[in-house]
Amino acid sequence: MRMTDWYVPLLTRYAAQRAARFVDRTRDPFATQERFLKGMLRHYRRTERGKRYRIGEIRSAEEFCDRLPVTQYRDYESDIQRTGAGERNVLTPDPIRFITLTSGTTGQRKWIPVSPRFQTALQKSNIVSIGFLVEALKARGLSLGKALVTNSANVAGKTEGGIELGLASTGSIRMSKQLAAPLFAQPYDLLQISDSRTRHYLCLLYGLRNRNLQSMASNFPMLLLRTCRYLEENAAALIQDLKAGTLSQTLDLTPACRAELTRHWTAHPQRAMELEQLLNRHGRLTPQWAWPHLAFVSTARGGTSDFYFQRFGEYFGQTPVFGGVYGCSEATFGIAHALNEDGCILALESGFYEFIPESEWEAEHPKTLMATDVKIGSRYRILVTNDAGFYRYDIRDVVEVVGFYEKTPLIAFRYRLGGLLNSTSEKTTEFHVIQVMQRLQQEFRIGLEDFCVTLSEREIPAHYWVNLELSADSSLDRPEALLQRFDEVLQEENGHYQIMRRDQVPSPGLRILERGSFETVRHRLLKQGRGENQLKIPHISEDRALLANLKIAREVSWPQA
């Protein structure tokens, strides 16, 4: 008996039980939330941070909200650095297994400590989401099965104290290996291949071998589209390797790695013939044709996802999309409960949550609402207290309450205050590009009327367009040098961009716009109903139409090697 034959039914039953238990909790969200908070305060009361806040004296959720301030990453930075150096009991009484690397609205690289207790709290939400998924698939006559995953499982390094550092997706895969790996269509070890194209190729090769593949998963829709593009571009080579039992010579593999992979890889000529017929019939190979039993794809919903979902039809047909969990490196906020829906149930057992209404966003000490007090259709900034050792932490995510599940809010992510730019998942903020352009103006002794960094329209992944308008008394003599410096300085400012630029985010381009361009943009925004006194030109934008039809004085591409 194959492992999948017994593992999937076991996981299905367990996840369904956890989801049913969670549904019971949604009928009394305040009690569930207060129980989580009290348990956390009790466990963390003897940490340095816990003693500083005197959390052992707190007896209720109301008292907690009254006594502790709203916090941001800068309030924890020194404690996290000490934790990374190996100090114990600073933020959490538990040992730290992993530190997630991220970049936030301050423009700094963030370190998020992950303890076993924190990981368990996050996994609770993941299991519950699987339970909801199983029920949604069952209603369509479908079931859980093998999934194609291409995310990297490589760490970026180690801290001074020897703790592994890596992206959130890396930590999730590594720490959930025993739970998730049996569902992968490819061997887990393929996810540890550093070269992105090689890793994708091999994962696709193993995935194509399995005609009954049932799902594809990635953290962001753009990454799924990138995998689709790799499938299209390499279809003929993949089919040939499947037919002959070979591995393409174009793959970036060490001789030892190639020999080990070759030893385990065998031909499947019958499947190769089927795929070749599909390629000849359609002129391309896409997931909906390669895997006729594809039941769902799993990726983030909300925010900018809808832009990419517009492309899903040509690759996935009517295959439904499941959101899994809504969260970030610091926390999990919501649990998807249905296919093709943005609204997630507040993750009651993975954190304690508060909601800042829009009227309080500018207040120094904002008043917050509990989960039971929010209203459908309203937007809130969400705060979290959780097992990372964060208290009333403001990630600056803006969520909309789109309904209720029993008595618990359904929330949908709308945007992060300050905005983000993502070619893949590098999370470049307006703060990052402002810092870069300030330095470049000094280095190149130029003045800028304005600027905006956007994404290219047709490529996946998209490259950055640096769109700038020189001031009337300025000229730029070395545009190629400025473009290269933009890339270098942005890597210094945004650690996540630095990691992604190695093999995922393409080289940027530069567009020098005609004089008066941003005045045109300003008038466009005013016509859209933006208030005159509040209107600001965005310095980053994923809106491809924002700068449409502006006249370009000069366009500069990345220098060829």
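Q: Where is arginine 445 found?
A: Arginine 445 is in the loop between H17 and E18. Here helices (H or I, at least four residues) and strands (E, at least two) are DSSP runs, numbered from the N terminus.

Q: Before we go on, what kind of model is this, and how are things counted?
A: This is a predicted model, where local features need pLDDT of at least 70 and side-chain atom pairs count only at pLDDT 80 or more, while totals for chains, interfaces and linings use all residues. Residues are numbered from 1 along each chain as its sequence is written, and side-chain values use heavy atoms, with hydrogens and water left out.

Q: Back to arginine 445, then: is it buried or exposed?
A: Arginine 445 is exposed, with a relative accessible area of 77%. Buried means under 20% relative accessible area, exposed means over 50%, and partly exposed is in between (1.4 Å probe, protein chains only).

Q: And what is its phi?
A: Arginine 445 has a positive phi of about 55°, although it is not a glycine. Most residues other than glycine have a negative phi.

Q: What about lysine 427, what phi does that one have?
A: Lysine 427 also has a positive phi, of about 55°, and is not a glycine. Its loop lies between strand E16 (420-421) and strand E17 (428-429). Lysine 427 is buried, with a relative accessible area of 15%.

Q: Which peptide bond is the one from isoleucine 460 to proline 461, cis or trans?
A: That bond is cis, with omega near -5°. Proline 461 sits in the loop between E18 and E19.

Q: What sheet do E18 and E19 belong to?
A: Four strands form an open sheet with mixed pairing, in the order E18-E19-E20-E21. Strand E18 (448-455) and strand E21 (552-556) are the edges, each pairing on one side only. Two strands pair if DSSP finds at least two bridges between them. From one strand to the next, the twist averages 20°.

Q: How many bridges join E19 to E20?
A: Four bridges join strand E19 (residues 464-470) to strand E20 (residues 509-513), and the two run parallel. As an example, valine 466 has leucine 510 in E20 as its bridge partner.

Q: Where does helix H17 lie?
A: Helix H17 (residues 430-444) lies across E18 and E19, and runs at about 135° to E18. Axes are lines fitted to C-alpha atoms, for helices over the stretch in contact, and angles run from 0 to 180 degrees between N-to-C directions. Contact means heavy atoms within 4.5 Å.

Q: New topic: how many residues of strand E13 are buried?
A: Seven of the eight residues of E13 (residues 379-386) are buried, so this strand is largely enclosed by the rest of the structure.

Q: Which strands does E13 pair with?
A: Strand E12 (residues 352-357) pairs with E13 in the antiparallel sense over six bridges, with tyrosine 353 partnered by valine 384 in E13. Six bridges also join E13 to strand E14 (residues 390-405), again antiparallel. There, leucine 383 has aspartate 394 in E14 as its bridge partner.

Q: What's in the hairpin of E13 and E14?
A: There are three residues between the strands, and glycine 389 takes a positive phi near 90°.

Q: Now a helix. How far apart are the ends of H10?
A: The end C-alpha atoms of helix H10 (residues 221-233) are 19 Å apart, which agrees with the 18 Å that its 13 residues should span at 1.5 Å a residue. The expected span is 1.5 Å times one less than the number of residues. Eleven of the 13 residues are buried, so H10 is largely enclosed by the rest of the structure. Among them are Arg226, Cys228 and Arg229.

Q: How many residues does the largest nonpolar core have?
A: That core has 161 residues, and those with the most contacts inside it are Leu202, Trp291, Phe333, Phe355, Tyr391 and Leu468. Helix H6 (residues 116-139) gives the most to this core, with ten residues. A second, separate core of nine residues includes Cys452, Val521, Leu525 and Leu547. A nonpolar core is a set of buried Ala, Val, Leu, Ile, Met, Phe, Trp, Tyr and Cys residues joined through side-chain atoms within 4.5 Å.

Q: Last one: how many helices and strands are there in the chain?
A: The chain has 20 helices and 21 strands. Buried residues make up 56% of its 561 residues.
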